[in-house]
Amino acid sequence: MSEDFDAVDVIRAKRDRLGLSTEQIDWVIDAYTRDAVADEQMSALAMAILLNGMDRREIADWTAAMIASGERLGFSGLSRPTADKHSTGGVGDKITLPLAPLVAACGVAVPQLSGRGLGHTGGTLDKLESIPGWQASVSNEAMLAQLDEVGAVICAAGSGLAPADKRLYALRDVTGTVEAIPLIASSIMSKKIAEGTGTLVLDVKVGSGAFMKDEAQARELAETMVALGTDAGVHTVALLTDMQTPLGLTAGNALEVRESVEVLAGGGPADVVELTLALAREMLAGAGVDDVDPGDALADGRAMDVWRSMIAAQGGDPDAELPTAKETQQVTAEREGVVGRLDALAVGVAAWRLGAGRARKEDPVQAGAGVQMHAKPGDRVQAGQPLLTLHTDTPERFDRAQQILEGAIDIVDEGSAVVTSDLILDRIGG
Ligand code: URA
């Protein structure tokens with residue numbers, strides 16, 4: 001087949017800081033999907049984009065081309081509006097688990113296509129797979145039926161949704177080109193727009209445990225994604241939220257499911273409850289439901305009822321005992337004082353090294369592995385008091401987890417100023 005463009009010309013244009021035309025972008029994504037552009041050419045282009053950026057028009061075209069590479073789902077046949085949430089990933093971020101059933105309990109359907117974890121951030125599917133019997137794969141028909149009957153589904157994205165992104169993301173992962181705002185924004189938004197949700201709430205994390213370490217970068221990513229969603233007719237809002245400290249008191253698969261169930265039972269750590277309710281309010285407002293208080297649905301058990309039905313609909317047993325790790329080890333306070341800092345990245349890497357996460361996408365994860373936190377910034381501690389409990393099935397992993405935690409927790413004198421950041425830093429869009 002004769003080609004409309006030459007891949008080398010497209011790479012040279014971006015290398016030389018020129019804008020790519022809509023036609024060039026449509027061609028390069030399509031040609032990559034059908035193997036007419038080689039991986040080495042696409043990686044050179046991705047690196048040129050990382051170094052030289054893209055303007056808003058180019059990002060919108062890139063996103064549209066990735067959507068066009070696959071199928072689009074539609075939920076217009078449902079009797080209720082739909083809303084979805086996407087988090088850019090953090091440590092202890094189990095919010096999807098209580099949030100999806102909570103929003104469904106308030107009358108809005110939640111089609112939540114999720115992924116597995118890679119590196120130090122956990123994946124929602126890995127967490128739910130620690131529930132005996134639960135299945136991540138759901139056909140499009142079964143997904144629609146579950147949305148109609150239960151109101152919420154959390155499942156793996158099928159291979160038909162933005163296949164160009166799937167291939168490009170794997171390439172970026174091994175070529176040092178993940179951290180490009182145009183590529184992150186188009187990757188996330190192509191999947192969310194193709195999924196067909198009416199409302200999208202983005203939780204863009206900022207801090208050591210997040211993709212975006214500083215607020216300016218996170219804000220740029222959030223603004224780019226909000227513009228892409230809005231232009232595609234999806235009601236899109238982003239919250240910038242703190243990821244300097246882990247969310248809640250657990251990082252690890254079954255550990256995080258247990259904490260999510262505590263939230264659904266009306267308890268759980270205050271930060272997890274605060275963020276769950278803030279995101280739920282945004283999703284409900286975006287979907288036009290503003291007369292229901294999600295706090296009531298948590299308190300009176302309606303969210304828990306939807307959780308139980310949602311887990312059972314995918315083969316899981318909501319009453320089954322969750323797996324626990326075979327071995328534990330504690331990290332204790334070296335001195336008396338107040339916790340001044342608990343570094344999210346170190347806790348995430350420790351949970352990963354204990355077996356909760358994977359280094360390559362084909363690696364298995366341990367359901368019971370992870371880190372349980374007993375104190376957070378601002379809490380008083382005594383010398384010798386447990387600060388963390390490390391969980392794993394393979395105790396030879398303890399040393400490497402302990403290594404990364406060295407220097408990750410500061411204990412300061414009582415009365416010293418402990419700077420704790422607000423959990424919700426800003427709101428963009430809407
Ligand atoms: N998540 C995605 O889906 N894509 C990215 O590029 C980064 C995070």
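Modeller: What follows goes through the helix pairs, then the sheets, then the domains.

The model is a predicted one, and residues are numbered from 1 along each chain.

Start with helix α11, which spans residues 253-264. Helix α5, residues 96-105, packs against α11 at an angle of about 35°, and their axes are 8 Å apart. The crossing of these two helices, α5 and α11, is right-handed. On the α5 side the contact is made by L97, P98 and P101. These residues meet V257, S260, V263 and L264 of α11. Sorted by class, the contact of α5 with α11 holds 6 nonpolar residues and 1 polar residue, with no charged residues.

Helix α11 also packs with helix α14, residues 302-313. The axes of α11 and α14 come within 8 Å and cross at roughly 140°. That angle makes α11 oblique to α14. Here V257, V261 and L264 of α11 touch A303, M304 and W307 of α14. By class, this contact of α11 with α14 has 6 nonpolar residues, and no polar or charged residues.

Another helix pair is formed by α8, residues 163-173, and α9, residues 181-195. Their axes lie 11 Å apart, and the packing angle is about 150°. Because of that angle, α8 is roughly antiparallel to α9. The crossing in which α8 passes α9 is left-handed. From α8, the residues in contact are D165, Y169 and R172. Their partners in α9 are L183, I184, S187, S190 and K191. By class, the contact of α8 with α9 has 3 nonpolar, 2 polar and 3 charged residues.

Now the sheets. Strand β7 pairs with β11, residues 386-392, in the antiparallel sense over 6 bridges. Within this pairing, Q330 stands opposite T389 of β11.

Strand β8, residues 337-342, runs antiparallel to β10 and is joined to β10 by 2 bridges. G337 has V381 in β10 as its bridge partner.

Last, the domains. The domain assignment gives domain 1 (7-53), domain 2 (83-320) and domain 3 (327-412). The C-alpha centres of domain 2 and domain 3 are 24 Å apart. The contact between them takes 24 residues from domain 2 and 26 residues from domain 3.

Definitions and conventions. This is a predicted model: local features need pLDDT of at least 70, side-chain atom pairs count only at pLDDT 80 or more; totals for chains, interfaces and linings use all residues. Side-chain values use heavy atoms; hydrogens and water are left out. Two strands pair if DSSP finds at least two bridges between them. Helices (H or I, at least four residues) and strands (E, at least two) are DSSP runs, numbered from the N terminus. Axes are lines fitted to C-alpha atoms, for helices over the stretch in contact, and angles run from 0 to 180 degrees between N-to-C directions. Angles under 35 degrees count as roughly parallel, over 145 as roughly antiparallel, 65 to 115 as roughly perpendicular and the rest as oblique. A crossing is left-handed if the near helix is turned anticlockwise from the far one by less than a right angle, and right-handed if clockwise. Contact means heavy atoms within 4.5 Å. Ala, Val, Leu, Ile, Met, Phe, Trp, Tyr, Cys and Pro count as nonpolar, Asp, Glu, Lys and Arg as charged, and the others, Gly among them, as polar. Domain bounds come from an automatic or database domain assignment.
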